[in-house]
Amino acid sequence: MTLEAFNGLEVDEAVARLRTCCESERWARAVADARPYGSPDALLADARVRWREADEAELLAAFAAHPRIGDVARLRARFSRGGDDPANREQGQVLTADDAVLQRLKTLNDVYFERFGFIFIVRAAGRSAAEMLALLEAGLVEDRASEIARAAREQEEIMVLRLTRLLQESGS
């Protein structure tokens, strides 16, 4: 979709498209309401600023929309439907990971959730399962506030990747 096409969407359609990039209703409405954007960079900059305004409840809601890293059964189910879910593209490399790494990801994700009350969020694109496992292990020794802040930064990276992809889609 071109930036011009995005700028021209009805508000509800723009919000729906934005929510595929980040599952925060407030964020999506704020970004949609700020249109028109003069350039993709202006859209990305505004999206970042508005994401950084999110309170903890919004952060946690956005985090909850993600599949757990290493949730192979959920990812396989998504792939088998042939869907174009962003998580499929972002976490697809997990499906090829060593079984021991996958099991450790699953186990530590459960520990992480029990400890912090939200799933481990990481920009999976461009990272191996082993890299994500190392980040997960490092996060387990942090305090909750530090992990929420880290996860919010990762969510921001995910959002930017998805927004960029949205603007590059053809035929939308």
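This is a predicted model: local features need pLDDT of at least 70, side-chain atom pairs count only at pLDDT 80 or more; totals for chains, interfaces and linings use all residues.
Me: Is leucine 3 buried or exposed?
Reply: Leucine 3 has its place in helix H1, residues 3-8. Buried means under 20% relative accessible area. Leucine 3 has a relative accessible area of 7%, so leucine 3 is buried.

Me: What distance separates the C-alpha atoms of leucine 3 and glutamine 168?
Reply: Along the chain, leucine 3 and glutamine 168 are 165 residues apart.

Me: Which term describes the direction of H8 relative to H9, roughly parallel or roughly antiparallel?
Reply: Helix H8 (residues 99-116) packs against helix H9 (residues 129-139) with the axes 10 Å apart. The angle between H8 and H9 is about 30°. Angles under 35 degrees count as roughly parallel. Therefore H8 is, relative to H9, roughly parallel.

Me: How many residues in the contact of H8 with H9 are nonpolar?
Reply: On the H8 side the contact includes Val101, Leu105 and Leu108, and on the H9 side it includes Ala129, Met132 and Leu133. The residues of this contact include 2 polar and 2 charged ones. The nonpolar residues number 10.

Me: How many charged residues has the contact of H2 with H3?
Reply: Helix H2 (residues 11-19) and helix H3 (residues 25-33) have axes that come within 9 Å and cross at roughly 130°. Among the residues making the contact are Asp12 and Arg19 of H2 and Glu25, Arg29 and Asp33 of H3. By class, the contact has 8 nonpolar residues and no polar ones, and its charged residues number 5.

Methods
Residues are numbered from 1 along each chain as its sequence is written. Side-chain values use heavy atoms; hydrogens and water are left out. Axes are lines fitted to C-alpha atoms, for helices over the stretch in contact, and angles run from 0 to 180 degrees between N-to-C directions. Helices (H or I, at least four residues) and strands (E, at least two) are DSSP runs, numbered from the N terminus. Angles under 35 degrees count as roughly parallel, over 145 as roughly antiparallel, 65 to 115 as roughly perpendicular and the rest as oblique. Contact means heavy atoms within 4.5 Å. Ala, Val, Leu, Ile, Met, Phe, Trp, Tyr, Cys and Pro count as nonpolar, Asp, Glu, Lys and Arg as charged, and the others, Gly among them, as polar. Buried means under 20% relative accessible area, exposed over 50%, partly exposed in between (1.4 Å probe, protein chains only).
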